[in-house]
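Here is my note on the model, point by point. Please read it with the coordinates open.

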Amino acid sequence: MSKSTIESILHEERLFPPSEEFALQAHITSLTQYQTLYDKAKEHPELFWAELAESELHWFQKWDKVLDWQPPFAKWFLNGKINISYNCLDRHLTTWRKNKAALIWEGEPGDSRTITYAQLHREVCQMANVLKDLGVQKGDRVGIYMPMIPEAAIAMLACARIGAPHSVVFGGFSSEALKARLQDAEAKVVITADGGFRKDKIVPLKSAVDEALQDNAVPSVQKVLVVQRTKQDIPMVGDRDVWWHELQPTASADCPPEPMDSEDMLFILYTSGTTGKPKGVVHTTGGYNLYTHVTTKWTFDLKDTDVYWCTADVGWITGHSYIVYGPLSNGATSVMYEGAPRASNPGCFWDVVEKYGVTIFYTAPTAIRAFIKMGDQHPNKRDLSSLRILGTVGEPINPEAWIWYHQVIGQEKCPIVDTWWQTETGGFMLTPLPGATPTKPGSATRPFPGIIADVVDLDGNPVGTNEGGYLVIKHPWPSMMRTVYKNDKRFRSTYWEHIPPKDGKYLYFAGDGARKDEDGYFWVMGRVDDVMNVSGHRLGTMEVESALVSHPAVAEAAVVSRPDEVKGQDVYAFVTLDSTHEPSDELKAELKKHVVHEIGAIARPGEIRFTDALPKTRSGKIIRRFLRNLAAGEELVGDISTMEDLSVLDKLRQG
Ligand code: WT7
């Protein structure tokens, strides 16, 4: 985040209380009610969550202990038996919701499907049976690499139904990134599609799967289940690949849900950290189901009449928790859109809002800034009067974008919920409740009931009002990640050791900087580690560096973020070449392409700068701080006395 944004946030004093009309109809109707819930959850967390688990979810067998906390390992609802696909599907079939739209899907070329709860249940059972026929058993991992089509959600729910943890890999990741994730998860089956439509092009998903699996690179994978979407010609590999549309018609629609232990793994989702290797974040069943259910209901004030649309991709945690599991567990109508705003159709999102009468719209600041650039005429030409709540997630929202969202999209009548959370947290941690919390542009406001958050220094001591520090969570919550897949050590060191336990209490370290104002509102300022936030997507600087140095021309690379008007941050790479290569524009282009090949288009460096040497400390560590200043065109700040060779800086400054 740029310094100027931090300053403008610091001066933000506007307050937007919910209208009386909105508050009166809301699930949580006042700040007093929020405070009562918050206090109860703080004093009796186990009772608070147990009551909700009882009233909101179906359990095949009740738990015998609510929480087992052996820091940093938490277990929730011990010995409870539950299945999230049952809670998302079966239980609605005995109510009027049976024929309610569960998913409304809009394809990029303009095709569409509405799928009722009964239909979704049927297709999920069929896919679950197909997976069983392909040899998938409870506990086996299944990779999912899909476009934004209903079958992506169907695949997730089918895995959940039979107790096979899924690992969804974002369809924009390259075959190399897919390979690394499938290897780590040791997936047995991969579910993919021939392709998907995005920005008027076909994303060739199946060929990326073929590349990832080439030369038996992922020996655990036995079968690939392919959904037909684009219908372009693709090769099918002998006894490995099978078509969903050929198996579905004869697959039984009867598939009893597997009674899962509350702590059985539901999914692994890989996310970037401070090393070159993404972490497999592990989420389990009962606590995740409960927390995503309750946060969806209260934060979006969800009603049966709502048409809810989250614009994320199912490949990210936002799609898991707030397109699929949270909304469906509540029996909501969840909209899925395959495409993205593009030059040929800059108003496509507003067409979707108008066509389906979307009432709750949840997107990212980077998208909002892109809409501002495209011009008000696009939303202004559509009827957006159905909207009643707006949401944002992914990075701090600058107050200018917040106000535009409020005025142009929300017509000044929709509360905005700015939700701060992470892949690791499973669900919202800091968020307004729209009928209760007065909002301030740029602040994610207060913790959700049950979340004890604070801003502390590196010793774990709370910092003063409006002082910057590290955002931490002080008590376990139901949807917290359980570990890094196959790597408890990395789980400990990443989240629990930067700040030591305080008075025997463990603090979850989120990796974000923040401050708390005089009203107890949190202002998240962005990552404090070597993680970038490009268009709301997390990307490790080390990941991009490893991609660069895997190119034969590159001797060394240092990657930093640079402020960007639309993306929030952009990737800026400093590269030193080996002696046999000369800097050139062609080589720059080739290196950018190489990064896209290794990771995916989201990691494409906006700028590559060749240099003879990188600024380092005497112990050989690259001083990224200076590089960030250089990339942003700022004066160098900070102590240069630890530098090994001061002439390096002079050269870089001269460009
Ligand atoms: C990081 C988590 C959780 C879904 C999307 C990203 C940043 C997220 C906000 C917000 C300020 C935010 C943080 C966080 N972030 N939401 N409302 N305000 N920053 O999930 O990829 O796990 O990234 O995104 O830096 O640590 P993720």
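Which residue places a backbone N or O atom 3.1 Å from a nitrogen atom of the ligand? That residue is Gly394.

This is a predicted model, in which local features need pLDDT of at least 70, side-chain atom pairs count only at pLDDT 80 or more, and totals for chains, interfaces and linings use all residues. Residues are numbered from 1 along each chain as its sequence is written, and side-chain values use heavy atoms, with hydrogens and water left out.

1. Asp418 puts a polar side-chain atom 2.7 Å from a ligand nitrogen. Arg538 has a side-chain N or O atom 2.9 Å from a ligand oxygen.

2. Ligand burial. Taken alone, the ligand exposes 550 Å², and the protein buries 95% of that. These areas come from the Shrake-Rupley method with a 1.4 Å probe; for residues, only the protein chains shown count as cover.

3. Ligand shell. The ligand is surrounded by 17 residues. The closest are Asp418, Thr419, Thr423, Asp512 and Arg527. A residue counts as near if one of its heavy atoms lies within 4 Å. Two elements, α12 and β25 (522-527), each give two or more residues to this shell. Helices (H or I, at least four residues) and strands (E, at least two) are DSSP runs, numbered from the N terminus.

4. Aromatic pairs. The whole structure holds 44 of them. Rings of Phe, Tyr and Trp (its six-membered ring) pair if their centres lie within 6.5 Å; planes under 30 degrees apart count as stacked, over 60 as edge-to-face and the rest as tilted. Phe300 and Tyr322 are edge-to-face, at 6.4 Å centre to centre and 80 degrees between the planes. Phe300 sits in the loop between α11 (286-299) and β16 (307-310), while Tyr322 is in helix α12 (residues 317-329), 22 residues apart. Both Phe300 and Tyr322 are buried (under 20% relative accessible area; exposed is over 50%, partly exposed in between; 1.4 Å probe, protein chains only).

5. A second pair. Trp309 and Tyr337 are also edge-to-face, at 6.0 Å and 85 degrees. Trp309 lies in strand β16 and Tyr337 in strand β17 (residues 333-337), so the pair ties together parts that are 28 residues apart in sequence. Trp309 and Tyr337 are both buried.

6. Aromatic cluster. One cluster is formed by Trp69, Phe73, Trp477, Phe491, Tyr495, Trp496, Tyr506 and Tyr508.

7. Charges over rings. The criterion is NZ of Lys or CZ of Arg within 6 Å of the ring centre and within 35 degrees of the ring normal. Lys62 lies over the face of Trp63, 5.2 Å from the ring centre.

8. Helix α5 (residues 84-93). Here 9 of the 10 residues are buried, so the helix is largely enclosed by the rest of the structure. Among the buried residues are Tyr86, Leu89 and Arg91. Asn83 caps the N-terminal end of α5, with a side-chain oxygen 2.8 Å from the backbone nitrogen of Ser85.

9. The unreviewed UniProt entry annotates residues 543-621 as "domain: AMP-binding enzyme C-terminal". UniProt positions follow the numbering used here, feature names are shortened, and annotations may be inferred rather than shown by experiment. In the model, this span is 27% helix and 32% strand, and its end C-alpha atoms lie 16 Å apart.

Notes: Polar contact = N/O pair within 3.5 Å; in protein donor to acceptor, adjacent residues only side chain to side chain.
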